[in-house]
Amino acid sequence: MMRRLPKPVRGFLRRPLAVLGLVLVLGMVLAALFAPLLAPHAPTKADFGAILAAPSAKHPLGTDELGRDVLSRLLFGARASLQAGMLAVLIAVVIGVPVGLVSGYRRGWVDEVVMRLTDAVMAFPVIVLALAMTAVLGASLTTAMVAIGVVYAPVFVRLARAQAMALREVEFTEAARALGNHEAAILVRHLLPNIASAVLVQASLSVAAAILVESALSFLGLGVQPPTPSWGSMLRIGTGYLLEAPWTSFWPGLAIFVTVLGINLLGDGLRDVLDPRDR
Amino acid sequence: MAIYLLRRLLTAVPIILLITAVVFAVMQILPGDPAVMLLGTEATEASLAATRERLGLNRPLHVQYLSWLGDVLRGDLGRSMIDNRPVTTAIANAFPVTLQIALISLVMALLVGVPAGIVSAVRRGGVADAVASLVALSGISLPGFWAALLLVYVFALQFDWLPSSGFVRPSEDLWGSFLSSLLPAVALGLRPAGVFMRLLRSSMLDVIRSDYVRTARAKGVGANLVVMRHALRNALVPLVTVLGVEFSALLGNVVVIDTIFAIPGFGRLIYNSFLRLDFVMMQSLLLLFALIVIAVNFLTDLSYSLLDPRIRYR
């Protein structure tokens, strides 16, 4: 059966850590999708009779400071984290790749301006820039996603630019130019497919980083707003009950860790298979 | 070299100017009125107008920008709008704290990451390699604030070996200061340790497979000596590059770690200034962050020529 699969897929399946990553990521995605079916309780339903209750048959992972079920909130929280990570990177790709392609293909003053702008954005630590943008736009999940997307865009600008610079000199690009193709057509039809795998690898690793930043912002109270459950904000509250109810902070942290580890393993596997120059 | 230095410094000027413009623009689009922040919402329109006049907020934007730029160049960053402290004093108090924790953290990360990367590369494909690789990726994947909480739970709350929060200044108690920076430094260092390990592994693998290492081996140079003399030396340039990047990332991560450990460092300063919309403090700190990152990049570039004689600057 293995033999019928395309070579990159076979290569991927032969790496145990990459497969582990895929399994972890799929598990989290399924948990997020089927949260309403899997959750034993409503994620925002308070039960004042069971405040900070230890794990039990009724509440397998215990309850939080309002008596809400930790497992249910964890499952629904997966939606916020995964959505934030993927949309933030999507924003970064949508801004970064076209800008980088044009910048690297045209060179000249366009390239110069773009590069100085990415230098300026990259001179700020991610969290600090996201903090500044949240202060401007107000704290919400959308703000956090846009902020992370803008901050990561330069990574994709650089990536697309480097590839475009290399590919503009290659024969097939020259041929396309000689045939009188429009610049936009060359960029979309000839350059874009050639950088797709590099972008995919970088995007998968960036999703992991974006989830970490989103959870840090939510942890600081600047991301997802209550009562919507998110892993970062659960941890924020749990910090206050570290001794009495360690489960309120342990499980959301573990969920972030496992998700990010899974995505990183998956991204590493993809890179090994798609981009053999790197290890 | 001297000419390269000069040119490099000159190219930094437009970037720094661009950054000051970005910082100034961010301050302009921030919601809230600094005059109201200072006087409170009860203030009369007349006193608000007087304060705006005094702060120069009525002047055209480009005049405000240039006057701020002039003040910054003269080393006058203004006073905090919350407690009226000079911003330079607040920075002078917070910066050594963060620098101390950052340095301890990076040194620990190097001490763990570099040997682990070497072992991993030398025993490529073995059990040690697989374990080290998974541990390194875990370090990168761990949310720092969660790691911090786990550390506090184990080392402070369960065993009472280390303080759970607060910071002791080295001038008060040197050993106590080290102990108080240990948990935050470990929490911050997990990520760079993983990054260093992965980097060292891959760059050593490149060298180990290269022709000149094969030649050295064939000449009968002992395997350990080959690794140390050739492979490690070639891994230094990428390592220094990543060290600079990780230092910048660490400056961002202290925002979270300072909050957890109640450390009076850079992170808390910037977090509080954003939370209370202390405009003057915010713009100074944003600028300072960017300048530090640029300075670190500059030093990184300079160190290349020291580490690798093939890299010469013209």
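Predicted model: local features only at pLDDT ≥ 70, side-chain atom pairs only at ≥ 80, totals over all residues.
Residues are numbered from 1 along each chain as its sequence is written, chains are lettered from A and ligands numbered from 1 in the order in which they are written, and side-chain values use heavy atoms, with hydrogens and water left out.

Chain A has 11 helices and 0 strands; here helices (H or I, at least four residues) and strands (E, at least two) are DSSP runs, numbered from the N terminus. The C-alpha trace of chain A spans about 75 × 55 × 30 Å along its principal axes. Of the 279 residues in chain A, 52% are buried, where buried means under 20% relative accessible area, exposed over 50%, and partly exposed in between (1.4 Å probe, protein chains only). Contact means heavy atoms within 4.5 Å. Among the contacts in chain A with a separation of 6 or more, 70% are between residues 24 or more positions apart.

The contact between the chains takes 45 residues from chain B and 40 residues from chain A. The size of an interface is often given as the accessible area lost when the parts come together. The area buried between chain B and chain A is about 3,700 Å², and carbon and sulfur atoms give 81% of this area; buried area is the accessible area (1.4 Å probe) that two parts lose on being put together, summed over both. Phe145(B), Trp146(B) and Leu149(B) supply 17% of the area that chain B buries against chain A, more than any other three residues. Trp146(B) also belongs to an aromatic cluster with Phe250(A), Trp251(A) and Phe257(A).

Between chain B and chain A there are 5 residue pairs in polar contact, both residues being at pLDDT 80 or more. A polar contact is a pair of N or O atoms within 3.5 Å; within protein, one must be able to donate a hydrogen and the other to accept it, and residues adjacent in sequence count only if both atoms are side-chain atoms. On the side of chain B that touches chain A, the elements that give two or more residues are α1 (2-29), α6 (127-141), α7 (144-158), α8, α10 (223-261), α11 and α12 of chain B. The largest share of this side, 8 residues, comes from α10(B). By class, the side of chain B that touches chain A has 34 nonpolar, 7 polar and 4 charged residues; Ala, Val, Leu, Ile, Met, Phe, Trp, Tyr, Cys and Pro count as nonpolar, Asp, Glu, Lys and Arg as charged, and the others, Gly among them, as polar.

Side chains of opposite charge can pair when their charged atoms come close. Between chain B and chain A the count is 1 salt bridge; Arg198(B) and Asp268(A) meet in a salt bridge at 2.8 Å, N to O.

Within chain B, Asp129(B) forms a salt bridge with Arg201(B), with the closest N and O atoms 2.8 Å apart. This pair links helix α6 and helix α8 of chain B, 72 residues apart, and both Asp129(B) and Arg201(B) are buried. Glu246(B) and Arg191(B) form a salt bridge at 3.0 Å, N to O. Glu246(B) lies in helix α10 of chain B and Arg191(B) in helix α8 of chain B, so the pair ties together parts that are 55 residues apart in sequence. Glu246(B) is buried at 4% relative accessibility, whereas Arg191(B) is partly exposed at 31%. In chain A, salt bridges that share partners join Glu112(A), Arg116(A), Asp119(A) and Arg158(A) into one network.

The structure holds 12 aromatic pairs over all chains. Rings of Phe, Tyr and Trp (its six-membered ring) pair if their centres lie within 6.5 Å; planes under 30 degrees apart count as stacked, over 60 as edge-to-face and the rest as tilted. Trp175(B) and Phe178(B) form a stacked pair, 5.6 Å centre to centre with 25 degrees between the planes.

Definitions and conventions: Salt bridge = Lys/Arg side-chain N within 4 Å of Asp/Glu carboxyl O.
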